[in-house]
Amino acid sequence: MRRSTLGFTLVEVLVALMVMAIMAAMAWQGIDGIARARSTSEGQVDRMLRLTSVVAQWEQDLAAIHDTPVVQPLCFDGSTLRLTRRSERGVVVVAWTLREQGLQRWASPPSATAGELLRHWQRSLQAPADDAGALRMVSGASRWQLYYYRDSAWTNAQSSGDLSRGAGGGQGCPREALPAGVRLVLTFAPGSGFDGALLRDVLLASARPS
């Protein structure tokens with residue numbers, strides 16, 4: 001009864017405060033760990049969603065390839081893949097390139113005439129990163145390689161293939177028959193948030209059975 005009347009001593013109050021401080025610190029560490037894990041998980045999900053949308057755009061470009069007598073419809077020089085694809089308002093030149101550990105996509109305005117298409121193709125040969133038509137699609141890629149599927153085998157896209165130097169062969173790429181498929185191997189740099197490499201095979205529309 002005397003203790004309840006007098007209350008707690010200063011030592012008891014200090015001990016209680018210390019215990020509460022330790023418990024609060026432990027609780028904060030737990031909450032902080034959960035928040036960090038959630039942030040990391042959300043970041044990984046965002047990166048995967050972004051990569052999925054990039055792959056979908058890649059497949060759409062290849063599926064819409066349109067061959068014209070003006071330029072080679074599909075050309076890979078080791079650093080940039082250029083192609084011509086259909087659109088509602090004409091033919092669009094698309095250039096995919098790896099620059100500063102980022103996969104970039106450049107697209108020209110639609111071309112309604114052969115002269116416009118040729119000018120846009122030539123523009124794609126020197127399109128800078130800050131060009132209005134350029135878009136950085138995904139970051140953290142260290143290198144990439146393309147392969148073409150011909151005669152039941154995958155071959156390096158930079159090899160000669162089936163050459164027939166006809167119209168369009170003078171625009172930075174020899175005239176050659178379209179392959180049946182395109183394989184993309186995209187390698188990611190350490191710390192990019194992705195592990196290993198992405199491998200994606202795409203069957204071209206011209207090679208699909210009707």
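Which residues line the largest cavity? In this predicted model, where local features need pLDDT of at least 70, side-chain atom pairs count only at pLDDT 80 or more, and totals for chains, interfaces and linings use all residues, the lining consists of L51, V54, V55, W58, W96, L103, V138, L184, L186 and L198. Residues are numbered from 1 along each chain as its sequence is written, and side-chain values use heavy atoms, with hydrogens and water left out.

A cavity is a set of points, on a 1 Å grid over the protein atoms alone, where a 1.4 Å probe fits but cannot get out, and lining residues have an atom within 4 Å of a point. Grid points are joined across faces, edges and corners, and a volume is the space filled by probe spheres set on the points. A search of the whole structure finds one cavity of 30 Å³ or more, and about 40 Å³ of space lies in the largest cavity. Two elements give two or more residues to its lining, namely helix 2 (10-63) and strand 8 (181-188). Helix 2 gives the most, with four residues. The lining residues divide into 10 nonpolar, no polar and no charged, where Ala, Val, Leu, Ile, Met, Phe, Trp, Tyr, Cys and Pro count as nonpolar, Asp, Glu, Lys and Arg as charged, and the others, Gly among them, as polar.

Stepping back to the whole chain, there are three helices and nine strands. Helices (H or I, at least four residues) and strands (E, at least two) are DSSP runs, numbered from the N terminus. Along the sequence they follow the pattern α-α-β-β-β-β-α-β-β-β-β-β. Of the 210 residues, 34% count as buried; buried means under 20% relative accessible area, exposed over 50%, and partly exposed in between (1.4 Å probe, protein chains only). Contact means heavy atoms within 4.5 Å. Among contacts between residues at least 6 apart in sequence, 57% join residues at least 24 apart.

The chain averages a pLDDT of 81, and 80% of the residues score at least 70; pLDDT is the predictor's confidence in each residue, from 0 to 100. Over residues 160-170 the pLDDT is below 50, and this stretch has 24 contacts in the model beyond near neighbours in sequence.

What does the interior hold? In soluble globular proteins, nonpolar side chains tend to be buried together. A nonpolar core is a set of buried Ala, Val, Leu, Ile, Met, Phe, Trp, Tyr and Cys residues joined through side-chain atoms within 4.5 Å. The largest such core has 29 residues, and those with the most contacts inside it are W58, L62, L74, L81, W96 and W144. At least two residues of this core come from each of helix 2, strand 1 (74-76), strand 2 (80-87), strand 3 (90-99), strand 5 (134-139), strand 6 (141-150), strand 8 and strand 9 (197-203). Helix 2 again gives the most, here with five residues. Not counting residues up to four places away in sequence, L81 touches W58, L62, L74, C75, F76, V94, A95, W96, W144, L146 and Y148. A second, separate core of 11 residues includes V70, V91, L117 and A134.

H120 sits in helix 3 (residues 114-124) and is buried, with a relative accessible area of 17%. Leaving aside neighbours within four places in sequence, H120 is in contact with V93, W106, S108, P109, P110 and S111. One of these partners, S108, lies in the loop between strand 4 (102-107) and helix 3. S108 is buried as well, with a relative accessible area of 7%, and touches V92, V93 and H120 when residues up to four places away in sequence are not counted. In the loop between helix 3 and strand 5 is L125, which is partly exposed at a relative accessible area of 41%. L125 and A95 are 30 residues apart in sequence and 8.5 Å apart in space, C-alpha to C-alpha.

E100, in the loop between strand 3 and strand 4, has a positive phi of about 50° although it is not a glycine. E100 is exposed, with a relative accessible area of 70%. D151, in the loop between strand 6 and strand 7 (153-156), is also not a glycine and has a positive phi near 50°. The relative accessible area of D151 is 71%, so this residue is exposed.

Terms used. On a 1 Å grid over the protein atoms alone, a cavity is a set of points where a 1.4 Å probe fits but cannot get out, and a pocket is an open set with protein on both sides within 12 Å along at least five of seven lines; lining residues have an atom within 4 Å of a point.
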